[in-house]
Amino acid sequence: MSIHETAIVDKKAKIGKNVYVGPFSIIQGRVKIGDNTKIGSNVLIKDFSDIGSNCNIFNGAVIGELPMDLKFEGEKSKMIVGNNTTIREFCTLHRGTKDRGFTKVGSNCLLMSYVHIAHDVIVGDNVIVSISVNIAGHVEIDDFATIGGCTPVHQFCKIGKYAFIGGGRVVLKDVPPYILATGEPIRYAGVNTVGLKRKHFSADTIKKIKRVYSLIYQSKYNLSQAIDQVERKFDLTNNEINIILNFIKKSDRGIV
């Protein structure tokens, strides 16, 4: 463990092996930091934050700050960061409220500079959030999703697995799994074929996903009729098709 002489580490904090804490950083209260995590200079990690192992937190990041929610009453909520996650310069991650009790960023994620993660957000594993993305409270982002730079995501929105959102778009509705979403206003722009190929999805699986979304977005059917057609025409034991249908059925804000 290497803690710079100008850093301040609370006695209540639990620090793992081979952790580095840079100049002028502050670890405040009941914080847990896993093994081999690197914390740059001028980082603030506040009470009730749990940071995983092998994370890399860059200069000026703020983790576990109080939520910007007028309903917050000082409850002991948490901020959780998984293993192998990189948090770049000046990101701000706020802990949860009594609604969910925690905010969570998963493992193997990349949060680029100036990303804001608000209270009660859940970010899955292997998610990439580009520079200056602002994610409002209660948003859910599933595994392997990518959000382009300077994109605001409205509170309570959901973003599905392997979805790719173009930069500078305003996300006001749910973004289904496996798709590209771009345009102004943001809309369906096809299946994320390149991303799926990179993750070793088979050609047959990608073809089935395209056929499903063709019915949903490019047919004469309305949404409920399209779902009915998908359930009639496709093998519902297929995992990807089930993921698509379950996402759409559970959407509260409607899909893009």
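# Briefing on a predicted model with two parallel sheets

Strands β15 and β18 run parallel and are joined by two bridges; two strands count as paired if DSSP finds at least two bridges between them. The structure is a predicted model, in which local features need pLDDT of at least 70 and side-chain atom pairs count only at pLDDT 80 or more, while totals for chains, interfaces and linings use all residues. Residues are numbered from 1 along each chain as its sequence is written, and side-chain values use heavy atoms, with hydrogens and water left out. The protein has four helices and 27 strands; these are DSSP runs numbered from the N terminus, helices being H or I with at least four residues and strands being E with at least two.

**Overall form**

- The radius of gyration is 20 Å, close to the 18 Å that the globule rule gives for 256 residues, so the protein is as compact as a globular protein of that length. The radius is taken over C-alpha atoms, and the rule is 2.2 Å times the number of residues to the power 0.38.
- Along the principal axes, the C-alpha atoms fill a box of roughly 65 × 40 × 35 Å.
- Of the 256 residues, 50% count as buried. Buried means under 20% relative accessible area, exposed means over 50%, and partly exposed lies in between, with a 1.4 Å probe and protein chains only.
- The protein exposes about 12,200 Å², of which carbon and sulfur atoms supply 51%. These areas come from the Shrake-Rupley method with a 1.4 Å probe, and for residues only the protein chains shown count as cover.
- Among contacts with a separation of 6 or more, 29% are between residues 24 or more positions apart; contact means heavy atoms within 4.5 Å.
- The mean positions of the 34 positive and 24 negative charges are 4 Å apart. Lys and Arg count as positive and Asp and Glu as negative, whereas His and the chain ends are not counted. Each charge is placed at NZ of Lys, CZ of Arg, CG of Asp or CD of Glu.

**The sheet that holds β15 and β18**

- This open sheet has eight strands in the order β3-β6-β9-β12-β15-β18-β21-β24, with parallel pairing. At the edges stand β3 (14-15) and β24 (158-159), each with a single partner strand, so one side of each is left without a neighbour in the sheet.
- Strand β9 (residues 49-51) pairs with β12 in the parallel sense over three bridges, and D50 has I80 as its bridge partner in β12.
- Four bridges join β12 to the parallel strand β15 (residues 102-105); here V81 has V105 as its bridge partner.
- The bridge partner of K104 in β18 is I122.
- In a regular strand, side chains alternate between the two faces of the sheet. Strand β12 (residues 78-81) has a covered face, M79 and V81, and an uncovered one, K78 and I80.

**E140 in strand β21**

- E140 belongs to strand β21 (residues 140-141) and counts as partly exposed at 29% relative accessibility.
- Not counting residues up to four places away in sequence, E140 touches R100, I122, C157, K158 and I159.
- E140 and Q155 are 15 residues apart in sequence, and their C-alpha atoms are 9.2 Å apart in space.

**The sheet that holds β11 and β14**

- Another open sheet of eight strands has the order β2-β5-β8-β11-β14-β17-β20-β23, and its pairing is parallel. Its edge strands, β2 (8-9) and β23 (152-153), each pair on one side only.
- Strand β11 (residues 62-65) runs parallel to β14 (residues 92-94), with three bridges joining them.
- E65 has H94 as its bridge partner in β14.

**Backbone details in loops**

- A cis peptide bond, with omega about 0°, joins E184 and P185. P185 lies in the loop between β26 (179-182) and β27 (187-191).
- F24 is not a glycine, yet it has a positive phi of about 65°. The residue is in the loop between β4 (20-21) and β5 (26-27), and F24 is exposed, with a relative accessible area of 53%.
- N126 likewise has a positive phi, near 60°, in a residue other than glycine. N126 lies in the loop between β18 (122-123) and β19 (128-129) and counts as partly exposed at 27% relative accessibility.
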